[in-house]
Amino acid sequence: MKITLTALQEMYGKNEKIAVLTCYDASFAALLEAQGVDILLVGDSLGMVLQGHETTLPVSLDNMVYHTACVARGAKQAFIIGDMPFGTFQVSPQETFANAARLIAAGAHMIKLEGGAVMAETVEFLAGRGIPVCGHIGLTPQSVHQIGGYRLQGKEAAAAQKLLEDAVALEQAGADMLVLETIPALLAAEITAALSIPTIGIGAGAACSGQVLVLHDMLNIYPGKKARFAKNYLQDACGITEAVKNYVAEVKSGSFPAQEHSF
Ligand code: KIV
């Protein structure tokens, strides 16, 4: 069955957890969707796990268009989200639309952009013109120099309140989905309960509507620092296919993330 935005909204309505993994090429796209991954996120994490950069900041729109097209050629049924790289959506809404349109033309069904209420005008512009948008708040890796490292966000009451307000602002602007990264599980639960769109957690606890991991983290092939939320699914599997199958099963059953992967 082809997974459309409507199908994802139905899953959300039925409280069926949404399984998401990052994906950057055609072979993995085919493998992941065959094991039941609902959404393939062509993340700008490719700057770190494929290109070897220390951050996601050097990733270009051309890089994202190329990898989105690769994934789209390999996927027959999964929903594809293309990530807007740094500097391509902090411009005017019109220019952002032109940049986002390149990802859609390459095969993405939705674009993702980092940032809270400050992005609402842009989200409204895109969503009002036929481009589905996924927001991304909490730890936003493109702001690494501003936040001083890859660390838990929304710990203090004021910061938590701001994230809740950001989430509501993005939904009101027309976002259809929201990634919550590295925030306390209780806060993610509160945000999820306040919204009528699916939340996809990464280091945000089990109450989110779905979960995402970076493929190279869950296969334990990224040589960099391991995040607490990144479970190695290859260690108990006899290969990549079984590792992905187990990830999907644990997301769907709600057994991933466990407390040890949450904050
Ligand atoms: O770029 C990416 O892979 C992401 C996920 C970590 C959510 O944004």
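## Exercises: a ligand and some cysteines

The ligand takes up the space of the largest pocket. Keep in mind that this model is predicted.

**Exercise 1.** Find out which residues are around the ligand, and how many of them are nonpolar, polar and charged.

*Solution.* Start with the list: Thr 22, Leu 41, Gly 43, Asp 44, Ser 45, Asp 83, Lys 112, His 136, Ile 202 and Val 214. Now sort them by class. You get 3 nonpolar, 4 polar and 3 charged residues in the shell.

**Exercise 2.** Check how far the side chains of Ser 45, Asp 83 and Lys 112 are from oxygen atoms of the ligand, then say how much of the ligand the protein buries.

*Solution.* Take Ser 45 to begin with: an N or O atom in its side chain is 2.6 Å from a ligand oxygen. Next, Lys 112 has a polar side-chain atom 2.9 Å from an oxygen of the ligand. Then comes Asp 83, where the distance between a side-chain N or O atom and a ligand oxygen is 3.2 Å. Finally, look at the area: the ligand exposes 260 Å² taken alone, and the protein buries 95% of that.

**Exercise 3.** Work out how many disulfides the structure holds, and whether Cys 134 and Cys 238 are buried or exposed.

*Solution.* A disulfide is a covalent bond between the sulfur atoms of two cysteines. The count here is 0. For Cys 134, the nearest cysteine sulfur belongs to Cys 208 and is 12 Å away. Cys 134 is buried because its relative accessibility is 0%. Cys 238 has a relative accessible area of 70%, so Cys 238 is exposed.

Methods:
Residues numbered from 1 in each chain as written. Predicted model: local features only at pLDDT ≥ 70, side-chain atom pairs only at ≥ 80, totals over all residues. Heavy atoms only, no water. Near = heavy atom within 4 Å. Polar contact = N/O pair within 3.5 Å; in protein donor to acceptor, adjacent residues only side chain to side chain. Areas by Shrake-Rupley, 256 points an atom, 1.4 Å probe, with all protein chains shown as cover. 1 Å grid on protein atoms, 1.4 Å probe; cavity = no way out; pocket = protein on both sides within 12 Å on 5 of 7 lines; lining within 4 Å. Sits in = over half its atoms within 2 Å of the grid points. Nonpolar A, V, L, I, M, F, W, Y, C, P; charged D, E, K, R; others polar. Disulfide = S-S within 2.5 Å. Buried < 20%, exposed > 50% of the residue type's maximum accessible area, 1.4 Å probe, protein only.
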